[in-house]
Each structure stands twice: as C-alpha cells, then as structure tokens.
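Open the model in your viewer and keep the sequence panel beside it.

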Amino acid sequence: MLDDLDQIMAVMATAFDPAWGEAWNRRQVEDALTLGNCHYFLVSPEGKPLTEGEIAAGFSLSRTGYEEEELLLFAVDPQFRRKGLGRSILDALRLAAGARGAKRLLLEMRRGNSAESLYATFGFYAIGERKDYYRTPNGERIDALTFACDID
C-alpha cells in the first residue's frame, strides 16, 4: 500500500507537464512537511478525503503563515479532471486554513497556467506579478502571477 507521500508523488508525476519544470521532487515535499507549518490534503476519485486503501486522484500542499495560507502545490491526476475534484480540494483547503486562523489564501503560478480559470471561479484575484520569474527546463523565462482569495 502507498503511504501519503507516495500518493502525492504519484499524482504529481501524472499531473505536472515536465516541459514546465514545476513538479517538486520527493525530498522537497518531505522537507516541506517536516517544517510543521505545511499541510497536505489528498482526495479520492470521488472527491472525498482519501481513506486507507484508496488511490489518490489529487492533492494540495500548503504552508500556514500569520493569517495567511499559501497554496504551494495543487494537482489533479489528468484522468480525473473536469469532475469537480479541484474544487473539492480548494474547498477543503479553505476550511482547514480558516480553522488554522488564515484570513486569506495565496498562490503563485506561471502565466498561462490552465488552472487560472478554476482559481478565478473559486474567488482568487490577482495581486501581483513577477516578470521573468520562472525558468523552464529549456531556459524560457515566464512571469509569475500572484493571487489571493479571502476566507469568509
């Protein structure tokens, strides 16, 4: 049976296009989780919290700060996309972050990321931009966009 870290890595391997170089390696995820202020959520193919024996269809990894929670990684396995799982993950993140005292969610992504439309429908709005922030494996530079979403 896969442990939670294995589940995160398996989804990431299918969900992140290597052309962008956005996936984290196992050590980066492990290190984040040892900090104590990072949290993850795994979702089943039915959009519910993952239970023992199930295979994850998506996940989020976030970091708690003073009255804010930053979404570090967010992914849904391509075979389970367009079924509401992304929204289920974001709903769970909003509830958990609010319970941890967050007043808003933050995220940063590359310009042109197809998830932007999902974030917009969830209530995220643009708050900043970093020109040429990301570098792809082939050396192309891409702007980073920063978004926030208020937690009611």
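Two strands pair if DSSP finds at least two bridges between them. Helices (H or I, at least four residues) and strands (E, at least two) are DSSP runs, numbered from the N terminus. This is a predicted model: local features need pLDDT of at least 70, side-chain atom pairs count only at pLDDT 80 or more, and totals for chains, interfaces and linings use all residues. Residues are numbered from 1 along each chain as its sequence is written, and side-chain values use heavy atoms, with hydrogens and water left out.

**The sheet**

Select the six strands. They form an open sheet with mixed pairing, in the order S1-S2-S3-S4-S6-S5. S1 and S5 are the edge strands, each pairing on one side only. From one strand to the next, the twist averages 25°. Axes are lines fitted to C-alpha atoms, for helices over the stretch in contact, and angles run from 0 to 180 degrees between N-to-C directions.

Zoom in on strand S2 (residues 58-65). S2 pairs with S3 in the antiparallel sense, over eight bridges. Pick arginine 63: its bridge partner in S3 is glutamate 70.

**Helix H2**

Now show helix H2. This helix lies across S1, S2 and S3 and runs at about 120° to S1. Contact means heavy atoms within 4.5 Å. At the N-terminal end of H2 (residues 26-34), select asparagine 25, the cap: a side-chain oxygen lies 3.1 Å from the backbone nitrogen of arginine 27. Just after H2, glycine 36 has a positive phi of about 95°.

**The cores**

A nonpolar core is a set of buried Ala, Val, Leu, Ile, Met, Phe, Trp, Tyr and Cys residues joined through side-chain atoms within 4.5 Å. Buried means under 20% relative accessible area, exposed over 50%, partly exposed in between (1.4 Å probe, protein chains only).

Which residues touch the most other members of the largest nonpolar core? Select Leu71, Leu105, Leu107, Tyr119 and Phe124, out of 25 residues in this core. The elements giving two or more residues to this core are strand S1 (38-43), strand S3 (68-76), helix H3 (85-99), strand S4 (104-110), helix H4 (116-122) and S6. H3 supplies the largest share, six residues.

Centre on leucine 107. Beyond its neighbours within four places in sequence, leucine 107 contacts Leu71, Tyr119, Phe124, Leu145, Thr146 and Phe147. A second, separate core has 17 residues, including Val11, Val29, Cys38 and Ala56.

**The cysteines**

A disulfide is a pair of cysteine sulfur atoms within 2.5 Å. The whole structure holds zero disulfides. For cysteine 38, the nearest cysteine sulfur is that of cysteine 149, 19 Å away. Cysteine 38 counts as buried because its relative accessibility is 8%. Cysteine 149 is buried too, at 2%.

**Threonine 136**

Go to the loop between strand S5 (125-135) and strand S6 (141-150), and select threonine 136. Is this residue buried or exposed? Threonine 136 counts as buried, because its relative accessibility is 6%. A polar contact of 2.4 Å joins its side chain to that of asparagine 138. Such a contact is a pair of N or O atoms within 3.5 Å; within protein, one must be able to donate a hydrogen and the other to accept it, and residues adjacent in sequence count only if both atoms are side-chain atoms. Not counting residues up to four places away in sequence, threonine 136 touches Ala19, Trp20 and Ile142.

**Last stop: leucine 95**

Select leucine 95 in helix H3. Leucine 95 is exposed, with a relative accessible area of 67%. Its C-alpha atom is 8.5 Å from that of isoleucine 151, 56 residues apart along the chain.
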